[in-house]
Amino acid sequence: MSSIVWFRRDLRVEDNPALLAGVRAGPVFAVFVWAPEEEGHYQPGRVSRWWLKNSLAHLDSSLRSLGTCLITKRSSDSVSSLLELVKSTGATQLFFNHLYDPISLVRDHRAKEVLTAHGVTVRSFNADLLYEPWDVTDDNGRPFNTFSAFWEKCLSMPFDPEAPLLPPKRIVSGDVLTCTMDPLVFEDELEKGSNALLARAWSPGWSNADKALTTFINGPLLEYSKNRRKADSATTSFLSPHLHFGEVSVRKVFHLVRMKQVLWANEGNKAGEEGVNLFLKSIGLREYSRYLSFNHPYSHERPLLGHLKFFPWVVNEGYFKAWRQGRTGYPLVDAGMRELWATGWLHDRIRVVVSSFFVKVLQLPWRWGMKYFWDTLLDADLESDALGWQYISGTLPDGREFDRIDNPQFEGYKFDPNGEYVRRWLPELARLPTDWIHHPWNAPESVLQAAGIELGSNYPLPIVGIDAAKSRLEEALSEMWQLEAASRAAIENGTEEGLGDSTESVPFAFPQDIQMEENLEPARNNAPAATRRYQDQMVPSLTSSFLRGEHEEPSSSLRTSAEESRAEVPRTVNINREPQRDTLNQGIPETAHNENSFPQLNFPMGLRNAEDSTAESYSSSSRRERDGGVVPVWSPPSSGYPEQFIGDENGLSVSSSYLQRHPRSHQIVNWRRRLSQTG
DNA sequence: CGAGCTTTCAT
DNA sequence: TGAAAGCTC
């Protein structure tokens, strides 16, 4: 009875229930299918592919030491590839671990149906979450709509998250010679050069993830609450890319961190205890992102709340480009964007700063920004990024108020009080005194001169003034309400479908070619040719090669500064991370020790005889009953934009039912009233 | 000590 | 904005 263990974003041998099920069942074929075209707009970006490549190599060598290897397949259709594999190997079982992004939900469901129809026993497991989304509900069995309620419930569940499983001691390999392997190509020649630097700062792979975890728990975790506001990322866990690819189990993270917390609680170490709570909260946000995606499978491209449906987003490629290049004239924003481009990494706080600037000050459609994050972040994660951008855009029931603009100048002094972060990533501002570092436009001419800065020449003036942004936002909102009212009136009169739909039905595709030829000087206050569109726009398709060409375009000072920044990456990051490496090595035996000492907890029987209950809950029949959890109809990317996106039927039903059953939706109305009264 | 004022921070 | 935490007299 040989089985296929289908690896996806669970690239580890420890605490991997699918792998363990395979090992128990007999000979194992461990498989990874590379089918990026299935992801549509969201094919992994350059750095993400780099990570994947290395992580797979790491997994392969681990599997080899256990007795088998990783079979790699290049495919445009994962399910067909699995089916072929079943036929060539004679495997009778398929095991995999759950994923919760919209595309995986559909694909995995199909895999189950198709392979079951071919007589294969298919079983799937939870390996990515503390609790399955369908297990966390309110007293009426309905899903939560706010993070805090969700997380409170998670922390007070009657059963603990499953204790992590030990890795198998040995794997009996299936006859690998019966299957052909495809070499997988994750980077082209040009990308190799850019990627070379990444290896100096990051080590993908499950055992490195383990080391990163140990290092974090024994170091920065203690001061997590104190340091979490610093833009310099030395105090974060650096676990997010590891977690994204499932190199470390979130349940292991949870248990180890919890044990540390108990220890600190006994010592009366309040700061440590608090640090753990905060860190666990960020783990909780990751959980919540999957939860949202499962319950609202379109959250990566459609707002959960519909109240911004008529918002006139500013369609300005100049703004978009200035933002990407770190040339907005706001040092904290620009430093963040340069760091992101150079390293694929950004501290969580800075992600909030740059994305909030994007949405509120530039008023660009959030999905563009999300797509750029997706293309450039090392830990790009569809569910987490969707949660983040929706939160910033105020389209979640517990998101930020839309009319509140954060001032990058003040945030600069909060997160980077001495300007070190800005100086590292914006060499052109390096000589500017701290007093002016976050608002150079106010600096006296003599100061600027002494620092070698000529605003508008080697560093831009603010692309939009904050005050201008505020009034522009108010105007846009009142325009939105007018449109909304008009639309409602039209619907009530029974005439047509409402005003908005005429503009909305025009699909707005991102203007790819415009970007290339644009001049590099970012748009200024006069907002040239800023068009507004009344639809939350389509995702721009930025291929990585396209981005690369653009950024390496010979040009003014940006090129030099970007290059300098990039050259600086390994040095900077190494300084921060080197000490970790040292502690790491000492940490290894300790980890091994800890692995064996996980408390073996007893779970209420019947709740957790994992495979069957999860497999059942995951099937479409049970999902259809779930509110908002209708299995999305997935269409292949070749057919262009999924029609449900434009057709809006799904979107409206998601958001209107959402509004109906969510009490806080009233706040949208109140908020609107309030603003029009004061403004 | 604690009423009132200021600052911080939101998922 | 508003709740919580911090600060002052």
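Hi everyone, let's start with one contact: an N or O atom in the side chain of D398 is 2.9 Å from a sugar or linking oxygen of DNA strand B. Polar contacts here are pairs of N or O atoms within 3.5 Å. This is a predicted model, where local features need pLDDT of at least 70 and side-chain atom pairs pLDDT 80 or more, while totals for chains, interfaces and linings use all residues. Residues are numbered from 1 along each chain as written, chains are lettered from A and ligands numbered from 1 in written order, and side-chain values use heavy atoms, without hydrogens and water.

For K281, an N or O atom is 2.9 Å from a phosphate oxygen of DNA strand B; for R349, the distance to a phosphate oxygen is 3.2 Å.

Who else is around DNA strand B? The residues there include F147, R228, R229, L285, D348 and Y391, counting a residue as near if one of its heavy atoms lies within 4 Å.

Now, the largest pocket. A pocket is an open set of points on a 1 Å grid over the protein atoms alone, where a 1.4 Å probe fits, with protein on both sides within 12 Å along at least five of seven lines; lining residues have an atom within 4 Å of a point. This one is lined by 47 residues, with S282, L285, D348, R349 and V352 nearest its centre. Helix 12 gives the largest share of that lining, nine residues; helices are DSSP runs (H or I, at least four residues), numbered from the N terminus. Thanks, everyone!

Notes:
Helices (H or I, at least four residues) and strands (E, at least two) are DSSP runs, numbered from the N terminus. A polar contact is a pair of N or O atoms within 3.5 Å; within protein, one must be able to donate a hydrogen and the other to accept it, and residues adjacent in sequence count only if both atoms are side-chain atoms.
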